Amino acid sequence: MKFKSLLCSIVAITAVFFMSYAQAGDLNKNIIVSNAWVQAMPPSQTTTAAYMSITNNSSQEAVLVSASSDIAGVTEIHQMSQMNGMMKMAMISNLHILAQGKVELSPGGFHIMLINLKKPVNKGDIVPITLHFQDGSVIVVNAQAKLQQEEDSSSMAGMKM
Amino acid sequence: MDYGTLNPQRDFTLHDQDGKIFHLKDHRGEIILLFFGYTSCPDECPTTLSKLARVYALLGPMRQKVLTLFVTIDPQRDTPQKLKEYLKYFNINAIGLTGTKQEIDAVVDSYKAMYEKVVTHISALGYDFDHTDNLYLIDEQGKTSYLFHLEDKAKDMAQVIKGF
């Protein structure tokens, strides 16, 4: 009996240990980044935008606080919005993705801005972008440089072929 | 809606990417797609130009008579050479137009467009522009006849243009 209760205690403590370990910084496993692409630009341009879908499958809110890329001197998160009929752009310091939620970074909305490019972004290039989250999670995304996004891509996502 | 009230004179004068003088009235018989932007624009300008590349592909042989005019609202940074290189990249029949701020503002006003230079102290960009995103279709007689917006899809735009 004594041994059995000791064993139960050990199992219980171990289980609690693993549960709490799994909750801290486990966003890496629960954040899915898809359809990451970068706007290909002529060589004279030193700024471009990266877009992607970020899905948060965890039970906690995820907060993107910054991004970085070797290809850019400075990387920022920006939001486009309409005001007085004009498109406005503003730098934001964090982007919230709700638990079990999804955020689209797409033209006219959010984007990751790559500023002071160190080399041109040509169609077909793969640009690694590192996403930094508030809880310490870090995810590296390989964004493909394109001239344009396929118009039907959003309707194709999730379709079983 | 009658868009003919936008630039009813059906003319304006600016300078093109080769430094030559440009008069809208010299382009009768062509369908013009005009919009205001700047080459450092990271989002809606390249998006519009990429979409136009698809529109031109959908137009087929008609594409020869469709001319895109990109009027810069950032003449300070957008030199004629920069405009030329930028537009060439998107592979469409386009001319970049520039001028003094006064000349450009006159054209912006005639099409009832708007822009505002925004100096930012937090972003490394330094400054950027808020601007209206309309794409104006000017018919073969120089009359402003249709307005496209950012959300319009390439195939729908090609359909509209084919009707002119």
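The model is predicted. Buried residues make up 29% of the 161 residues in chain A.

**Chain A: its elements**

- Chain A has three helices and 10 strands.
- The order from the N terminus is α-α-β-β-β-β-β-β-β-β-β-β-α.

**One residue inside chain A: Ile54(A)**

- Ile54(A) sits in strand 2 of chain A.
- Is Ile54(A) buried or exposed? Ile54(A) counts as buried because it has 23 C-beta neighbours inside 10 Å, and the cut-off for buried is 20 or more.
- Which residues does Ile54(A) contact, leaving aside neighbours within four places in sequence? They are Ile31(A), Val33(A), Ile97(A), Lys102(A) and Val103(A).
- Lys29(A) is 25 residues from Ile54(A) along the chain. The C-alpha atoms of the two are separated by 13 Å.

**Where chains A and B meet**

- On one side of the interface are 26 residues of chain A, in contact with 30 residues of chain B.
- Strand 5 of chain A gives the largest share, five residues.
- By class, this side of chain A has 13 nonpolar, 10 polar and three charged residues.
- Strand 5 of chain A also pairs with strand 7 (residues 127–132) of chain B. The pairing is antiparallel, over two bridges.
- Opposite Met87(A) stands His131(B), in strand 7 of chain B.

**A sheet in chain B**

- How many strands form the open sheet in chain B? Seven strands do, in the order 2-1-5-4-3-8-9, and the pairing is mixed.
- Strand 2 (21–23) and strand 9 (144–148) of chain B are the edge strands. Each pairs on one side only.
- From one strand to the next, the twist averages 35°.
- Helix 2 (residues 80–89) of chain B packs on the sheet. Helix 2 touches strand 4 (66–72) and strand 5 (94–98) of chain B. The direction of helix 2 makes about 155° with that of strand 5 of chain B.
- Strand 1 (residues 13–16) of chain B pairs with strand 2 of chain B in the antiparallel sense, over three bridges.
- Thr13(B) stands opposite His23(B), which lies in strand 2 of chain B.

Definitions and conventions: Residues are numbered from 1 along each chain as its sequence is written. Chains are lettered from A and ligands numbered from 1 in the order in which they are written. This is a predicted model: local features need pLDDT of at least 70, side-chain atom pairs count only at pLDDT 80 or more; totals for chains, interfaces and linings use all residues. Two residues are in contact if their C-beta atoms, placed from the backbone, lie within 7 Å. Helices (H or I, at least four residues) and strands (E, at least two) are DSSP runs, numbered from the N terminus. Ala, Val, Leu, Ile, Met, Phe, Trp, Tyr, Cys and Pro count as nonpolar, Asp, Glu, Lys and Arg as charged, and the others, Gly among them, as polar. Two strands pair if DSSP finds at least two bridges between them. A residue is buried if 20 or more other C-beta atoms lie within 10 Å of its own, exposed if 12 or fewer, and partly exposed in between; C-beta atoms are placed from the backbone. Axes are lines fitted to C-alpha atoms, for helices over the stretch in contact, and angles run from 0 to 180 degrees between N-to-C directions.
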